[in-house]
Amino acid sequence: MPPALRLTDVHLVREDRIILDHITWTVEPSQRWIVLGANGSGKTTLIQIASLYLHPSSGTVEVLGETLGRCDVRLLRRRIGLASAALAAQLRPQLTALDTVMTARYAALEPWWHTYSDDDRAAARRALGRLGVEAYADRTVGTLSSGEQQRVLLARAFLGDPGLVLLDEPTARLDLGGRETMVQALSMLAADPTAPPMVMVTHHVDEIPPGFDHGLVLRDGKLLAAGPLAETMNEDVLSDAFGLALRVERRDNGRLTAWAR
């Protein structure tokens, strides 16, 4: 199988500012990646390129065997599960949770853009059930708590059988309970051998779910490290990434924590 995602020498410049600086990175089909870095390091931009919503200034982007610029991105996006703040902001809060999830079938924002079948609705309900939010299927997402909304968006990302799932800070805006519920859900998904390859963006090592096995660390648009989690989420790399002397510790439950020395 081809890599789920391959970026080769990807470079992005905006208004004479380098946002991503010649990034080369490969996500294989069975891998679960963490993308970590300080605010402004280029994490969200990397996900926008990987999800085919942004073109780099130069370099090659390959997703699920297709090359950006040589494929119909409208069709390819249907094979990518995506959850991000930018996507959430585009979804009407008046949509029901069921419709919100179901629109992922066509990578759409509104259910009336396409025709859906009873099978599509049943698949959306199963996706909600997998994340423990099926009871909210007929509620509008605007009436749900932040944690419930995030789980609905996560269910949307996993609808059907995506070839790649991209999660941009899925624990953002959550309280402690909501964060821990989300981390547990992501850990469960990561442990499922039938689940697609995943990439999760965060800037907190405490939010890395057990089961994620690789890490990519950015600083100012540059790639500092990429590889197995034990080799990338360590004191030297993270201190460099955040410009601060850090201690990093792995707890008995497999979770990481970090603090200033």
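This is a predicted model: local features need pLDDT of at least 70, side-chain atom pairs count only at pLDDT 80 or more; totals for chains, interfaces and linings use all residues.
Visitor: What percentage of the 261 residues count as buried?
Guide: Buried means under 20% relative accessible area, exposed means over 50%, and partly exposed is in between (1.4 Å probe, protein chains only). By that cut-off, the buried part of the 261 residues is 51%.

Visitor: Is D120 buried or exposed?
Guide: D120 sits in helix α5, residues 118-130; helices are DSSP runs of H or I with at least four residues, strands are E runs of at least two, and both are numbered from the N terminus. Its relative accessibility is 13%, so D120 counts as buried.

Visitor: Which residues does D120 touch, leaving out those up to four places away in sequence?
Guide: Contact means heavy atoms within 4.5 Å. With residues up to four places away left out, D120 touches M102, R105 and T115.

Visitor: What is the volume of the largest pocket?
Guide: On a 1 Å grid over the protein atoms alone, a pocket is an open set of points where a 1.4 Å probe fits, with protein on both sides within 12 Å along at least five of seven lines; lining residues have an atom within 4 Å of a point. Points are joined across faces, edges and corners, and the volume is the space filled by probe spheres set on them. For the largest pocket that comes to about 880 Å³.

Visitor: Which residues lie nearest the centre of the largest pocket?
Guide: The lining holds 41 residues. Elements giving two or more of them are α1 (43-50), β6 (80-83), α3 (85-90) and α6 (146-157). Nearest the centre are Y53, L82, A83, L87 and R156.

Visitor: And the second largest pocket, which residues are closest to its centre?
Guide: That pocket holds about 210 Å³ of space. It is lined by 14 residues, and the closest to its centre are M1, P29, L64, G163 and P197.

Terms used
Residues are numbered from 1 along each chain as its sequence is written. Side-chain values use heavy atoms; hydrogens and water are left out.
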